[in-house]
Amino acid sequence: MKRTITVTGTASAKAVPDLVTLTLGVETRRDTASKAYDDAGKAAGAVAASLREAGVQDADLRTSGLNLRADLVWVEGQGQKVVAYVASTNLHVGIRSHEDAPAAIAAAVAAGGDDIRINGIEQGFADASTVTAQAQGAAWQDALARAEQYASLASARLGTVVSISQQQVHSAPIPLGGMVRASYAAESAPVEAGESSVSASVSVEWELL
């Protein structure tokens, strides 16, 4: 029976991100459902138009989460009462240049007025293949070094590779605290690139000689 050793190597690679993903929300509160719905559509359209004028491409604009609901309160002696109708939708925006991000965000805020919400911002890569390959190469070297160490401890040496299995790595969200500074005035909010990382993990089985 052949002796084998299986080792998992992990590593990460860092690079300056080249894609800013912005999640915007539009929320309108009106006296009637139709008014709330219409105004939400107008606000979302104005925001999208401002982003296009700022250089965002149609392929990088995506709408999701259309919602229309009644805002209810409990009134003593009357039960639940509708006090307003709220319509909301989300717009996911890809901005492919950090230099363009502050002006695009400011334009969206100005276009949306009091109906716009900034729900989040993330930084990543439009094409992560290069940094992913670097992480995978480093993970392989990590696995090889570990395997050689264990083989030496077992008074053996590594033979041929029997199997390779890439492990799924769930990366945590990139914290942006302190990197994005916003003003409640319609001014540009600086967006600093920093560095983003991609992780890789590989499990390799070697024959022991």
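Trainee: Is Arg96 buried or exposed?
Mentor: Arg96 counts as exposed, because its relative accessibility is 52%, where buried means under 20% relative accessible area, exposed over 50% and partly exposed in between, with a 1.4 Å probe and protein chains only. Bear in mind that this is a predicted model, in which local features need pLDDT of at least 70, side-chain atom pairs count only at pLDDT 80 or more, and totals for chains, interfaces and linings use all residues. Residues are numbered from 1 along each chain as its sequence is written, and side-chain values use heavy atoms, with hydrogens and water left out.

Trainee: Which side chain meets Arg96 in a salt bridge?
Mentor: That is Asp60, at 2.9 Å from N to O, a salt bridge being a side-chain nitrogen of Lys or Arg within 4 Å of a carboxyl oxygen of Asp or Glu. Asp60 lies in the loop between α1 (33-53) and β3, and Arg96 in the loop between β4 and α2 (101-112), so the pair ties together parts that are 36 residues apart in sequence. Helices (H or I, at least four residues) and strands (E, at least two) are DSSP runs, numbered from the N terminus. Asp60 itself is buried, with a relative accessible area of 13%.

Trainee: How many salt bridges does the count come to?
Mentor: The count is eight. Another of them joins Glu27 and Arg117 at 3.6 Å, N to O; Glu27 is in strand β2 (residues 19-30) and Arg117 in strand β5 (residues 116-124), so this pair connects parts 90 residues apart in sequence.

Trainee: Switching topic, what does a search of the whole structure find for aromatic pairs?
Mentor: It finds one aromatic pair. The rings of Trp140 and Trp206 have centres 5.8 Å apart and planes at 55°, so the pair is tilted; rings of Phe, Tyr and Trp (its six-membered ring) pair if their centres lie within 6.5 Å, and planes under 30 degrees apart count as stacked, over 60 as edge-to-face and the rest as tilted. Trp140 sits in helix α3 (residues 129-153) and Trp206 in strand β7 (residues 196-208), 66 residues apart.

Trainee: And is Trp206 buried or exposed?
Mentor: Trp206 counts as buried, at 3% relative accessibility, whereas Trp140 is partly exposed at 28%.

Trainee: What stands opposite Trp206 in β7?
Mentor: Ile5 does. β1 and β7 pair in the antiparallel sense over twelve bridges, given that two strands pair if DSSP finds at least two bridges between them. The open sheet has three strands in the order β1-β7-β6, with antiparallel pairing, and its edge strands are β1 (4-15) and β6 (158-167), each pairing on one side only.
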